[in-house]
Amino acid sequence: MGRNKMNNKKTLTSLAAASMVITQAGQMSVFAKGATADPETPAEKEETKVEKTQKELLEEKIKEAQEKLDATKKEADAKKAEAEAAKQEAEKAKQAYTAQNTVVQTGYDALNGYIDESLQSLLNEIADLEAKIAQMTVNLNAEQKASQEAEQAKNEAEVNLANKKAELEGLQNQLAAMKTPEELETEYNQATEDAVKAQEATDTAQKEANEAQTALDTARSDLTAKEDALNQARTDYESATAEVTEKQTAVDSAQALLDSMTDPDGMETAKAELETAKADLQTAQQKQTDAENTLASANLAYETAKTAKETAETNLANAQQAVTDAQNKLNDAKAKEQSAKDSLDAANAEKEKNEAAIKELNAKIATAQNEVNQAQTAYDKALNDFNSTMSPLEQAKKNLADFEAKYATELARLNQGSKGYFDSIGASEAVNFVFDKNDSNMAIANLAKYTQMGQKDDATSLENMQASIAYMKECNEIRKKEGLSELKVSAWLMAVAQVNANRAKVKMSHSGTYATGENLAWGYGNANTAGSPYRGWYDEEKAEYLAGNHKFSETGHYQNIVEKQYTVTGFAVGTKGQFSTAHCQEFLDYTLDVDGEVVMTVSEFEQSFNNYYNNLKSVDSQHKTLQNAVNNASGSGSKDNTAVTNALNLLNAKKNALTSLQNQKADRENARSGLETLVNEAKGSYNQAVQNTKTANQKVEEAKTAKANAENALNSAKAELASKENARQTASVNVNTAKTQAKEAQNKVNTLNDRINNWTANTEKAEKNLADAKDALAKAKTRKAQLKDTFDTATDEHKKASDVFNDAKATSDDANTRLATAKENLSKKDALRNAAKKAVDTYNTASAQVDSLETDIAKLADTITAKEAEKAKADENIEALTADIEATANEKAKVDAEAAPLKNVKVVLKDVLMNGSKTDISTVGNEILTAKLSALQVEVDKAQALKADLETKNTAYNDKYNEYLTAKSNLAKAEANHAEAMKALSDYLNKSDKNDKTETNKSANVENSVDTKKSNGVNTSAQTALGFYALSGVLGLAGVAFTGKHARKED
């Protein structure tokens, strides 16, 4: 295999050394056989006999090994001779094939040039006509595009117009169902006026309610003050009445006292009365205490009742406010209920409107679908009619497809670079692993990664590969001047040179991956010029070498170029690298053991590669011509596609209209769930509002009930307070009475005591006390009369204040009722005003949309008219251009008809080049061309026969070479066996020499003499053999080092 080239070199070098060993071994064997010693003693003879027997056995083995070695060498030489003979036969066959191939190529080029000379004028005329058709086609395409765009714009405008009209109709129907703007405005103004009046009435009612509440508060405050004054007047009057009673009692007592004082039995009577008076005093004092306790309880009960009354009044006020608040909330709830009902009605109306629109769209969609079906039928018919004939474009595409199928391999190789060429000459196996970026050998894979197969400036590009030929020719010219054989081109070394050149584009060093001689250079120019890399590799380094500098590191490039053992080379050029252009040349003695290897002379390689390259270029040129024909034929031809275009435009327009309607329906259907949700939400809001109104109404009734209860509670509290007041007054009177009685009793006791004790003095005093008591009684009566007037006045004032309070309360209640009514009315009026405003806004919005739609409709109508005019103009131009194209195409068809036979001849010529006499040339129709083609067929058949013979002889050579390799392997084994036998004899003799040193002097001398001779002879040979084996190892390594040595870089 090629990847084992280094090991092969070792094998070859070692084999050369082994042949030298064989010669020495033969001499040694002769010498060993002739080495005879002096007569020996019997004992010595016995020992010698044993030794001789052992030695003879070893020598016998050497002899057998030598015979086997001679036989295998003879066989190897014979196989080598047979391989050389087969190689010469193969080379002769190759030379014959190359020569015949040159004849074929020359004939092909001449005939192809002859055909081109006749064809070129026609091709030029065809090109001019095609250019004219192409330009007219461009214009036609532009006009067709303009027509299609105008048609599409018109259709879109018509669809939009229909949609706008449908929308306008819906809005107009909506407006027709509504009242006139004047009526709506009047209703709104009236509703606004009513709402304003309701607001004013509410404000007035609020003001009156506030004033009534203020008056009620004032009356309540005055009534409380009058109650306090009445209570005070009553207390004062009752006190005055008690005082009159007391004073009258005092007068009566003073009179009685005076009467008793003047009675003769008065003393005894006084003493009796005193005892009675003391008893009465105790009784009166107890009554006073009881009366005071009862008064305290009455006062407490009165204050409690008074507080309860005040609380009841507060509760009544709160209840009244609660009624007002509840009534206000009820009014708000009713207003919200009305608003929710309006929203529900609006949502239901919108839902019904949407369902009506869907129903209407379904009808329109059914109509539109029928129109689409009719348009589809018309289009299918137009398309079927159009497809019934083949246009120039279709014919051009068919020609292109046929060509691409026929030349698929060549077209694929256009981008395969050098690999395609190697495949074409059967060298794939030899080079594939060189380019394998995933090879198991990391060094090979890493080197391959620098290569971009077939890319521009890569060493594998066909252009750079073609450029390498001139450098190899220059190298061979140098070797010819040096009296050396020319190097042949190795496909494997070409691939190795290419990957190394690609690496050299980015790294200024040797990769060392392959064991070859290698020259690298950077920045040099073309071959055979002052810029050629050989100016440095050869000219400069040769001068150094001739001057005595034989260092390989300094003159290695020169030494590689003039190395006699080298027979094959490979060259590569990598352009536009990091260090400008990189040149790489590889050298080896031979590469025949590389599987799939192909070797040829430089001239053979040049012809082979140029044939491959020119053939690819020819195929590429024909391919591009056919592609251009397709491009030029695009949009041209005698077929009129106007009917198809118009039918398609109509179909698209109908489809667009249908799609628009379907989209509108989809939008409506999508809106359906949203509208249903709105209705449900509005219904839920309305139901909640109704429930809220019921709840608010219930709250009002509850508040009114609470108010009535509060009024009843207040009345009860008032009655209770009056009762407690009466009880308090009674208790107060009882206290005063008890006090008076107690006082009177005390006074009576005191008086009686004083009277008894100071009877005489007290008589006079009694007279005076009577007078004073009568005077105090008169004053008390006067004060009572005055307080009676004050009490009567306070009673009248209290009654008046009570009447005022009751009137104020009635007025306040009436004002609050009127306020609640006013607020409820205001809520209704506001709702009516909002509804009227919404109606006005809805009408205005719809009216504005109508105006906008009417403007859009007018613009769309203008657009349709303009687009119809544009389409008519474009269609007129299309008709004219179609006629011009058809006329030009007819003219081109005539020229094509003239050129067709010549084009056919070129196709036949290509087929003849590939297939020889197997090609049918009867269709050419030209006697001269037919004769030339027939002659070329003969030459091609000869070349194909020679090629078959070459392949047969190459196969025979490979077989012979493999037999030679087998014989060579057998020879190496025989050499190894012979060396092993020689070593065994040498080891035995050395051992015998050591044992003999223990014998007698005589025996020792004799043995030493014999053994010395033997030992010297055998050891020398063995050393020589070992020396040659060592030398063979050195030569092997030297061979590797030599062939693997890389010369220094040219910077």
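**A helix crossing and a strand pairing**

Modeller: In this predicted model, helix α7 passes helix α14 in a right-handed crossing.

Biologist: Which residues of α14 make the contact with α7?

Modeller: The contact involves residues of both helices, and on the α7 side these are Gly-417, Gly-420, Tyr-421 and Ser-424. By class, the contact has four nonpolar, four polar and no charged residues. On the α14 side, the residues asked for are Phe-605, Ser-608, Phe-609 and Tyr-612.

Biologist: How are α7 and α14 oriented to each other, roughly parallel or roughly perpendicular?

Modeller: The axes of α7, residues 417-424, and α14, residues 602-633, come within 11 Å and cross at roughly 110°. Angles of 65 to 115 degrees count as roughly perpendicular, and the two helices are therefore roughly perpendicular to each other.

Biologist: Turning to the strands, which residue of β4 does Leu-520 stand opposite?

Modeller: Strand β2, residues 517-522, runs antiparallel to β4 and is joined to it by six bridges. Within β4, the residue that Leu-520 stands opposite is Cys-584.

Biologist: How many residues lie between β3 and β4 in their hairpin?

Modeller: Strand β3, residues 568-577, pairs with β4 in the antiparallel sense over eight bridges, and Gly-574 stands opposite Ala-582 in β4. The number of residues between β3 and β4 in the hairpin is two.

Biologist: Why is β4 largely enclosed by the rest of the structure?

Modeller: A residue counts as buried when its relative accessible area is under 20%. Strand β4 spans residues 580-588, and it is largely enclosed because the number of its nine residues that are buried is eight.

Technical notes: Residues are numbered from 1 along each chain as its sequence is written. This is a predicted model: local features need pLDDT of at least 70, side-chain atom pairs count only at pLDDT 80 or more; totals for chains, interfaces and linings use all residues. Side-chain values use heavy atoms; hydrogens and water are left out. Buried means under 20% relative accessible area, exposed over 50%, partly exposed in between (1.4 Å probe, protein chains only). Helices (H or I, at least four residues) and strands (E, at least two) are DSSP runs, numbered from the N terminus. Two strands pair if DSSP finds at least two bridges between them. Axes are lines fitted to C-alpha atoms, for helices over the stretch in contact, and angles run from 0 to 180 degrees between N-to-C directions. Angles under 35 degrees count as roughly parallel, over 145 as roughly antiparallel, 65 to 115 as roughly perpendicular and the rest as oblique. A crossing is left-handed if the near helix is turned anticlockwise from the far one by less than a right angle, and right-handed if clockwise. Contact means heavy atoms within 4.5 Å. Ala, Val, Leu, Ile, Met, Phe, Trp, Tyr, Cys and Pro count as nonpolar, Asp, Glu, Lys and Arg as charged, and the others, Gly among them, as polar.
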